[in-house]
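Welcome! Please take a moment to look over the sequence and the 3D view, and then we can walk through them together.

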Amino acid sequence: MKRIVVANWKLHKTVPEAKEWLETIARGIRPAILEKMGVVVCPTTILLPEMRREISKLKIELSLGAQDVSRFERGAYTGEVSAEQLQGWADCVLVGHSERRRLFGETGAVIQQKLEICLKNRLVPILCFESPDQLPVGSGHPPIVAYEPRAAIGTGQPDAPEDAQKVAHQAKEGLGAAVSVLYGGSVNSGNVGGFISQADIDGVLVGEASLDPEEFLRILEAVRRVS
Ligand code: PGA
């Protein structure tokens, strides 16, 4: 299975900063990296169109993701961005990120609606979960899930790779071997190898360390080495 590395920029970067980041990545990314993995960048929604244009101009094989999507299709929902509006700009969407659950009160029911709306609009949802009880049961699960223990997010204190492996294994037992399981939470170029070399961890979701393009390139290189 190809590895997956996702950059989650959260509420960072302006259009010029995003372009500068892409230019550095275009200069440094080697074909050997892209043979081994899919690379996805999730900026704030407003950056997506400009980044899409820049990616095709620079001819780099990067996918784009949104950090969230409305659970509504359309209508009187001030401030929302719909799945239909994301089409053409985003390939995938982070759904149920810990910060959305904690700071914006997203419940399991809301997250379920978002998963369904993504699938209906041909956007690949990446379901983030903090513990296995947040995983869906039964059929129709998302193709990619990302285990992000709350205590590891943005703290500089990643989970132990062996503990993350146990949860990844449990996720595959529940959802089937075809699901891709990512780990996220304080991943950087120094520790990514420990996660990627676990049997059931297929990739990583990187926050803070993805903001610096040189560090992100080091992460990609480290993933390539152990893949
Ligand atoms: P972090 O964030 O790498 O800064 O810990 C990861 C995430 O929240 O997706």
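## Sorting residues, and where the model comes from

When residues are sorted by type, Ala, Val, Leu, Ile, Met, Phe, Trp, Tyr, Cys and Pro count as nonpolar, Asp, Glu, Lys and Arg count as charged, and the others, Gly among them, count as polar. By that sorting, the lining of the largest pocket has seven nonpolar, seven polar and five charged residues.

This is a predicted model, in which local features need pLDDT of at least 70 and side-chain atom pairs count only at pLDDT 80 or more, while totals for chains, interfaces and linings use all residues. Residues are numbered from 1 along each chain as its sequence is written, and side-chain values use heavy atoms, with hydrogens and water left out.

## The overall fold

Let us begin with the whole chain. The protein chain has nine helices and eight strands (DSSP runs numbered from the N terminus: helices are H or I with at least four residues, strands are E with at least two). The protein chain is as compact as a globular protein of its length, because its radius of gyration of 16 Å is close to the 17 Å that the globule rule gives for 227 residues (the radius is taken over C-alpha atoms, and the rule is 2.2 Å times the number of residues to the power 0.38). Along the principal axes, the C-alpha atoms fill a box of roughly 45 × 40 × 30 Å.

Of the 227 residues in the protein chain, 52% are buried (buried means under 20% relative accessible area, exposed over 50%, and partly exposed in between, with a 1.4 Å probe and protein chains only). The protein chain exposes about 10600 Å², and carbon and sulfur atoms supply 52% of that area (Shrake-Rupley method with a 1.4 Å probe; for residues, only the protein chains shown count as cover). Among contacts between residues at least 6 apart in sequence, 70% join residues at least 24 apart (contact means heavy atoms within 4.5 Å).

## Two pockets

A pocket here is an open set of points on a 1 Å grid over the protein atoms alone, where a 1.4 Å probe fits, with protein on both sides within 12 Å along at least five of seven lines; lining residues have an atom within 4 Å of a point. Grid points are joined across faces, edges and corners, and a volume is the space filled by probe spheres set on the points.

The largest pocket has a volume of about 480 Å³. Which residues lie nearest its centre? They are T44, Q67, D68, R100 and F104, out of a lining of 19 residues. Helix 5, residues 98-103, gives the most to this lining, with three residues.

The second largest pocket has a volume of about 270 Å³. Its lining also numbers 19 residues, with G154, S186, G207, E208 and A209 nearest the centre. That lining divides into seven nonpolar, nine polar and three charged residues.

## Two lysines with positive phi

Now for two spots in the backbone. K13 sits in the loop between strand 1 (3-8) and helix 1 (15-28), and has a positive phi of about 80° although it is not a glycine. K13 is partly exposed, with a relative accessible area of 22%.

K59 belongs to the loop between helix 3 (48-58) and strand 3 (63-66). Its phi is near 55°, a positive value in a residue other than glycine. Is K59 buried or exposed? At a relative accessible area of 73%, K59 is exposed.

S70 lies in the loop between strand 3 and helix 4 (83-86) and is buried, at 3% relative accessibility. Leaving aside neighbours within four places in sequence, S70 is in contact with E80, V81, S82, K114 and I117.

H141 is found in the loop between strand 5 (124-129) and strand 6 (144-147), where it counts as partly exposed at 24% relative accessibility. Not counting residues up to four places away in sequence, H141 touches P136, L175 and V179.

Finally, look at G28 in helix 1, which is partly exposed with a relative accessible area of 30%. G28 and P213 are 185 residues apart along the chain, and their C-alpha atoms are separated by 9.0 Å.
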